[in-house]
Amino acid sequence: MVVMIRSEASQEKIEHLKKWLSDKELIVREFQGQEQCVLGLIGNTNCVDKDMLKSLDIVESVSDMTETFKASNRKMHPEDSVLEMPYGRGAMIGGGNFALIAGPCSVESREQITFVAKEVQAAGANFLRGGAFKPRTSPYDFQGMGSAGLELLLEARAATGLPIVTELMYLHNLDEFLQKEIDVIQIGARNTQNYDLLKELGKCTKVPILLKRGLAGTIKELLMSAEYIMANGNENVILCERGIRTYEQDYARNTLDLSAVPILKSLTHLPVIVDPSHATGRADLVPSMTLAAVAAGADGIIVEVHNDPANALCDGAQSLTPANFATLVKKIEKLREVLA
């Protein structure tokens, strides 16, 4: 249920109403927009007399919410969410703050990650991505450097000031991620419906969670996965369209569903970004798909950049060179100027 509060309502009366609703064992979420306050009620709202609620002098309107996703619903939070980094490293995502997240698929060495970090920063990136723990289809492929890779990411962050985005695969690594102040915790496509992990990310931290769409996940399933995190206390979620598995197998790794961007933007207040690297699996397709994502209204992109793609230990075929990334950033800036 969504309760729109009149703009002239006093905070004292709003607090009194929130307490009355909370006493009925409802979860009450308050969202303060530029012009008025919205209360979102989660739980068994049958205990509330809707007509009586409408009659209150501070209430403008009351409406039911039929969608199964609540906390992430734009009806609950009409304005775009703006996520700030928790450790004071400056960058923001959402509400017009465009995220340029770039870096190698996998951390391979100190020289590699530090060099790429400095190159993407110089080109305009405001986040550094890099995998320390890597989920791979084959058990014989490079699985990442693990904790040693996290340490190298911290060194690259210290050298550039860029906030880090890196993937968490297992719950037992969460404490390590929090101790090392990882700025954005990425949950990959294979873990999108690992609900135990999502619950703990809601309970244990307020660090932003970059949640990727499942390999064959629907838009609703992605939103419900976000709901697991938010319902457990962490409302700092970033949604990522990264391509889905379709009939196409010969010319692209996955099929990039760009229609998901405006659909998600209409349904949720959460930031929505696009990963054209994993979606296509081809570096030559990344620039055009990136620009298409910007035109579709994405709040950012996450792309793979490697200093030597031909010899990369992971996903070199989809990685841009630093020079190609710099060229792409200039095109993104021009396109965003036109769209503004």
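The model is a predicted one.

Two packed helices are described by the angle between their axes and the distance between the axes. Helix H3, residues 110-123, packs against helix H4, residues 147-160, at an angle of about 35°, and their axes are 9 Å apart. This crossing of H3 and H4 is right-handed. On the side of H3, the contact is made by Arg110, Ile113, Thr114, Ala117, Lys118 and Gln121. Helix H4 contributes Leu152, Leu153, Glu155, Ala156, Ala159 and Thr160. Sorted by class, the contact of H3 with H4 has six nonpolar residues, three polar ones and three charged ones.

If its neighbours within four places in sequence are left aside, Leu239 is in contact with Leu211, Leu222, Leu223, Ala226, Leu264, Thr268, Leu270, Pro271, Val272 and Ile273.

A pair of aromatic rings is described by the distance of the centres and the angle of the planes. The structure holds two aromatic pairs. One of them is formed by Phe133 and Phe177; this pair is tilted, at 6.1 Å centre to centre and with 35° between the planes. Phe133 lies in the loop between strand E8 (127-129) and H4, while Phe177 belongs to helix H5 (residues 174-179), so the pair ties together parts that are 44 residues apart in sequence. Both Phe133 and Phe177 are buried.

Tyr195 and Tyr228 form an aromatic pair that is stacked, with 4.2 Å from centre to centre and 20° between the planes. Because Tyr195 lies in helix H6 (residues 195-204) and Tyr228 in helix H7, this pair ties together parts that are 33 residues apart in sequence. Tyr195 is partly exposed, with a relative accessible area of 28%. Tyr228 is likewise partly exposed, and its relative accessible area is 29%.

Asn254 is buried, with a relative accessible area of 6%. Not counting residues up to four places away in sequence, Asn254 touches Arg242, Gly243, Ile244, Arg245, His278 and Ala279. Asp250 is also found in the loop between E12 and H8, but Asp250 counts as exposed, at 67% relative accessibility. From C-alpha to C-alpha, Asp250 and Asn126 are 34 Å apart in space, and 124 residues separate them in sequence.

A further loop residue is Gly233, placed between H7 and E12. Gly233 is partly exposed, with a relative accessible area of 27%. Its contacts, not counting residues up to four places away in sequence, are Gly202 and Lys206. Gly233 and Val28 are 205 residues apart in sequence, and their C-alpha atoms are 12 Å apart in space.

Thr45 is found in the loop between strand E3 (37-42) and helix H2 (50-55). With a relative accessible area of 16%, Thr45 is buried. Leaving aside neighbours within four places in sequence, Thr45 is in contact with Met1 and Leu26.

Finally, the backbone shows two points of interest. Most residues other than glycine have a negative phi, and most peptide bonds are trans. Glu25, however, has a positive phi, near 65°. Glu25 sits in the loop between helix H1 (11-22) and strand E2 (27-32), and counts as exposed at 74% relative accessibility. Glu181 also has a positive phi, near 55°. The place of Glu181 is the loop between H5 and strand E10 (184-187), where Glu181 counts as partly exposed at 34% relative accessibility.

Methods
Residues are numbered from 1 along each chain as its sequence is written. This is a predicted model: local features need pLDDT of at least 70, side-chain atom pairs count only at pLDDT 80 or more; totals for chains, interfaces and linings use all residues. Side-chain values use heavy atoms; hydrogens and water are left out. Axes are lines fitted to C-alpha atoms, for helices over the stretch in contact, and angles run from 0 to 180 degrees between N-to-C directions. Helices (H or I, at least four residues) and strands (E, at least two) are DSSP runs, numbered from the N terminus. A crossing is left-handed if the near helix is turned anticlockwise from the far one by less than a right angle, and right-handed if clockwise. Contact means heavy atoms within 4.5 Å. Ala, Val, Leu, Ile, Met, Phe, Trp, Tyr, Cys and Pro count as nonpolar, Asp, Glu, Lys and Arg as charged, and the others, Gly among them, as polar. Rings of Phe, Tyr and Trp (its six-membered ring) pair if their centres lie within 6.5 Å; planes under 30 degrees apart count as stacked, over 60 as edge-to-face and the rest as tilted. Buried means under 20% relative accessible area, exposed over 50%, partly exposed in between (1.4 Å probe, protein chains only).
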